[in-house]
Amino acid sequence: SRQYKVDGGIGIISSRLTVQGPIKKDTCSFIVSGRRTYIDILMKPFVKKSSAFKGTGYFFYDLNTKINYRLSDKDRIFLSAYFGRDVFNMNQKDLSFNNIIEWGNATTSARWNHVFGPKLFLNSSFIFSNYQFETTVNQSEYEFKLYSGVTDYNAKFDFSYFPDTRHKIKFGGNYVYHIFTPNSVNAKLGETEYDFSSVQKQKAHDAAIYIGDDFKISDKVTIYGGFRAAMFNQVGKFVRYVKDENLMNNIDTITYGKGETVAFYDSYEPRASIKVSLDKNSSVKASFMQNKQFIHLASLSASTLPTDLWVPCSDVVKPQGGRQYAIGYFRNFFNDHFETSVEAYYKSLYDLIEYADGALPGDDVNDNPDNYFIFGDGYSYGAELFIKKRTGRFTGWIGYTWSK
């Protein structure tokens with residue numbers, strides 16, 4: 001950006017403001033952007049003062065900032081930050097009841113782009129992120145708080161290598177240090193505070209390396225082959241609560257010291273695809289991939305509140321995994337005015353995770369959340385149809401998916 005610009009807007013439910021401009025001409029520039037909804041404010045005149053729900057509302061706000069710095073023709077640095085929150089507030093005056101739910105992310109990152117030469121490029125990123133969920137319930141003199149969160153420290157190094165016009169090779173690695181805070185609860189009655197939980201934070205090292213080559217064998221055949229190797233290591237301090245057969249009582253505890261391995265998993269993930277051009281208008285594609293994930297979102301269907309919990313692999317929770325097979329036929333019609341495709345896929349899944357029936361928020365206080373999970377396998381398959389009009393005064397697309 002070579003000059004300062006200010007953009008803004010006032011809408012029916014939200015307002016926004018963006019400021020951007022140079023810090024040093026042709027070298028460094030910035031952009032700052034923020035917005036806030038005000039549904040809560042707009043609803044106030046329409047809620048009667050006598051209403052039991054006076055003061056109930058929802059809004060969200062976020063802020064984005066970014067700075068670009070050109071060190072040289074071969075080096076650029078990008079600094080960015082994001083902060084966002086959703087807030088829901090429910091009041092019931094006749095019951096002296098108030099419930100506030102807040103959730104959102106905060107993240108900062110530094111990215112360095114370096115050009116080694118015409119064939120090799122590096123993109124390095126260093127990222128901090130923090131997700132938080134908190135709900136507070138007040139009724140008369142009683143206050144109850146439930147909190148959970150995830151904090152990540154992430155370093156990524158991604159290389160792009162183009163040895164010739166037939167190869168597009170990408171390789172690299174990343175390392176993440178995770179800190180998971182499961183549900184923690186405290187309460188207050190008048191001036192007396194109660195801390196119900198000894199929070200068992202779960203800490204883990206998560207690392208991976210990968211390589212992939214997009215190889216154009218001929219004008220008609222292109223193949224892709226790739227491989228990713230990953231590891232996940234949960235470490236202490238950590239206390240494992242051992243339950244009885246009915247998951248009702250703690251019958252034992254296992255204590256892990258600082259840095260001691262609680263659980264270790266590795267993953268080897270091949271992936272491959274092939275594209276064959278049948279003629280200038282049609283082609284066939286087929287692919288296979290195998291994946292594992294070490295972090296899971298456990299949904300609590302017994303609650304209508306947004307109490308989903310991010311949980312890592314542990315000595316109880318294994319990595320979720322899947323294998324996917326896909327094949328598709330692609331064809332253009334009428335001098336590429338229309339683009340069509342039909343694809344079919346099959347996916348096998350294992351070590352899926354969800355809360356056991358009857359589990360409720362707070363059950364895992366002074367406990368481990370994964371003591372209330374159940375696990376299983378699954379599969380899915382289906383077909384996808386797609387047609388797109390690419391040119392002319394009237395354009396658009398329509399898709400249809402059938403899946404089981």
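Mentor: Start with Tyr 329, which sits in strand S19 (residues 320-333). The model is predicted: local features need pLDDT of at least 70, side-chain atom pairs count only at 80 or more, and totals for chains, interfaces and linings use all residues. Numbering runs from 1 along each chain as its sequence is written, and side-chain values use heavy atoms, without hydrogens and water.

Trainee: Why is Tyr 329 called partly exposed?

Mentor: Its relative accessibility is 33%. Buried means under 20%, exposed over 50%, and partly exposed in between (1.4 Å probe, protein chains only). So Tyr 329 counts as partly exposed.

Trainee: What makes up the nonpolar patch on the surface?

Mentor: Tyr 329 again, with Leu 278, Val 342, Leu 385, Tyr 400 and Trp 402. Together they have about 590 Å² of accessible area. Patch residues have over 30% relative accessible area and no salt bridge; nonpolar side chains are joined within 5 Å, like charges within 9 Å.

Trainee: Which residues gather in the patch of positive charge?

Mentor: Lys 168, Lys 170, Lys 216, Lys 275 and Lys 285. Lys 168 belongs to strand S9 (residues 167-189).

Trainee: How many positive and negative side chains does the chain have?

Mentor: There are 48 positive and 43 negative. The centres of the two sets lie 13 Å apart.

Trainee: What share of the chain is buried?

Mentor: Buried residues are 32% of the 404. The chain exposes about 24300 Å², with 57% from carbon and sulfur atoms.

Trainee: What does the chain contain, in helices and strands?

Mentor: One helix and 22 strands. The C-alpha trace spans about 75 × 55 × 45 Å along its principal axes.

Methods. Accessible areas come from the Shrake-Rupley method with a 1.4 Å probe; for residues, only the protein chains shown count as cover. A salt bridge is a side-chain nitrogen of Lys or Arg within 4 Å of a carboxyl oxygen of Asp or Glu. Lys and Arg count as positive and Asp and Glu as negative; His and the chain ends are not counted. The place of a charge is taken as NZ of Lys, CZ of Arg, CG of Asp or CD of Glu. Helices (H or I, at least four residues) and strands (E, at least two) are DSSP runs, numbered from the N terminus.
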